[in-house]
Amino acid sequence: MAEIIEIVFLSAVPITFLISPIIALLFGIVRVVKYNNAKKQQITNPDCYTDEEIKDIKKSVITAFVTAIILAVVVISVIFLLNDAITYM
């Protein structure tokens with residue numbers, strides 16, 4: 001039982017690092033859905049969202065996708081770096 005707990009704790013950080021671009025991408029998708037809903041609600045009820053709130057949601061969408069791209073580049077770079085390190089050992 002102790003070995004299983006040790007394996008889970010030791011592998012949690014690398015797994016979280018590897019799936020961080022996927023998490024950022026999912027966050028971006030959720031923000032896109034929120035942006036679309038806000039735009040629809042603004043059309044039907046103009047008092048619901050202000051233009052500045054819509055712009056803030058749009059900025060968070062862009063930020064989430066840029067973050068996902070940067071994290072993907074970092075993860076892929078680390079994978080290639082570790083692959084080269086193993087190759088030259």
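At what angle do helix α1 and helix α2 pack, and how far apart are their axes? In this predicted model, where residues are numbered from 1 along each chain as its sequence is written, local features require a pLDDT of at least 70, side-chain atom pairs count only at pLDDT 80 or more, and totals for chains, interfaces and linings use all residues. Side-chain values rest on heavy atoms, with hydrogens and water left out.

Helix α1 (residues 2-44) packs with helix α2 (residues 51-87) at an angle of about 165 degrees, and their axes lie 8 Å apart. The arrangement of α1 relative to α2 is therefore roughly antiparallel, a term for angles over 145 degrees. Helices are DSSP runs (H or I, at least four residues), numbered from the N terminus. By class, 22 nonpolar, five polar and five charged residues make up the contact of α1 with α2.

Helix α2 comprises 37 residues and reaches 54 Å from its first C-alpha to its last, close to the 54 Å expected at 1.5 Å a residue; the expected span is 1.5 Å times one less than the number of residues.

Alanine 64 belongs to helix α2 and has a relative accessible area of 7%. Apart from neighbours within four places in sequence, alanine 64 is in contact (heavy atoms within 4.5 Å) with Ala24, Phe27 and Gly28. The C-alpha atoms of alanine 64 and isoleucine 7 are separated by 31 Å, and the two residues are 57 residues apart along the chain.

Key. Axes fitted to C-alpha atoms, helices over the stretch in contact; angles between N-to-C directions. Helix = DSSP H or I, 4+ residues; strand = E, 2+ residues; numbered from the N terminus. Parallel < 35°, antiparallel > 145°, perpendicular 65-115°, else oblique. Nonpolar A, V, L, I, M, F, W, Y, C, P; charged D, E, K, R; others polar. Buried < 20%, exposed > 50% of the residue type's maximum accessible area, 1.4 Å probe, protein only.
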